[in-house]
Amino acid sequence: MLKRGIAAAGAVAVATGIALAGVAAPAQATGKNGVLENGEFGLYYHPDRAGYVFDLFVSDDDFSNDNFPNTSVHANDNTASYDNRDSYYWWVYTNAGWGGSVGCLDPGYTGNASATFRNKISSARFFSYSC
Ligand SMILES: [Ca+2]
Ligand SMILES: [Ca+2]
């Protein structure tokens, strides 16, 4: 699934060609493979980015049909810290379908979930702006 628009992808290609001539472009991140890569938003099972990571490359409106990758541990209502390695803002919600309380994680943000969100996040999506 493509995340960026055509214009953005073109801009990246041009910039890469100028700044990194001769260097292979990095592979696109793969969401939900259990490895947090650049361009992804990671939700961790434990505080301080410890334990399993639920790595999202694109939005997910319902965590109830997800486990932490390569485990039988449910991702829904089960995350305690964040690492936003995306260039986008990630909005997290305590209910599926973008409902309940909403919180915003800036690009590059890392930290622990507050009491409002700890073990309560059920959906997440990305935007180019904060909430
Ligand atoms: Ca990944
Ligand atoms: Ca899901």
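Arg-49 is located in the loop that links strands S1 and S2, strands being DSSP runs of E of at least two residues and helices runs of H or I of at least four, numbered from the N terminus. Although Arg-49 is not a glycine, its phi is positive, at about 55°. Arg-49 counts as partly exposed because 18 C-beta neighbours lie inside 10 Å; by the criterion applied, a residue is buried with 20 or more other C-beta atoms within 10 Å of its own, exposed with 12 or fewer, and partly exposed in between, C-beta atoms being placed from the backbone. The model is predicted, so local features need pLDDT of at least 70 and side-chain atom pairs count only at pLDDT 80 or more, whereas totals for chains, interfaces and linings use all residues. Residues are numbered from 1 along each chain as its sequence is written, while chains are lettered from A and ligands numbered from 1 in the order in which they are written.

The protein chain contains one helix and seven strands, in the sequence pattern α-β-β-β-β-β-β-β. Of its 131 residues, 25% are buried. Contacts (C-beta atoms, placed from the backbone, within 7 Å) between residues at least 6 apart in sequence join residues at least 24 apart in 64% of cases.

Strand S1 (residues 41-46) runs antiparallel to S2, and five bridges join the two; strands are taken to pair if DSSP finds at least two bridges between them. Leu-43 has Phe-54 of S2 as its bridge partner. Four strands form an open, antiparallel sheet in the order S2-S1-S3-S6. S2 and strand S6 (110-112) stand at the edges with a single partner strand each, so one side of each lacks a neighbour in the sheet. On average, neighbouring strands of this sheet are turned by 20° against each other, direction ignored, with axes fitted as lines to C-alpha atoms (for helices over the stretch in contact) and angles running from 0 to 180 degrees between N-to-C directions.

Two asparagines in other loops were also examined. Asn-76 lies between strand S2 (50-56) and strand S3 (81-84), and is partly exposed because it has 18 C-beta neighbours inside 10 Å. Apart from residues up to four places away in sequence, Asn-76 touches Phe-63, Ser-64, Asp-66 and Ser-122. Asn-65 is eleven residues from Asn-76 in sequence, with a C-alpha to C-alpha separation of 7.9 Å. Asn-119 is placed in the loop between S6 and strand S7 (123-127). The phi of Asn-119, a residue other than glycine, is positive, near 60°. With 13 other C-beta atoms within 10 Å, Asn-119 is partly exposed.

Conventions
Contact = placed C-beta atoms within 7 Å.
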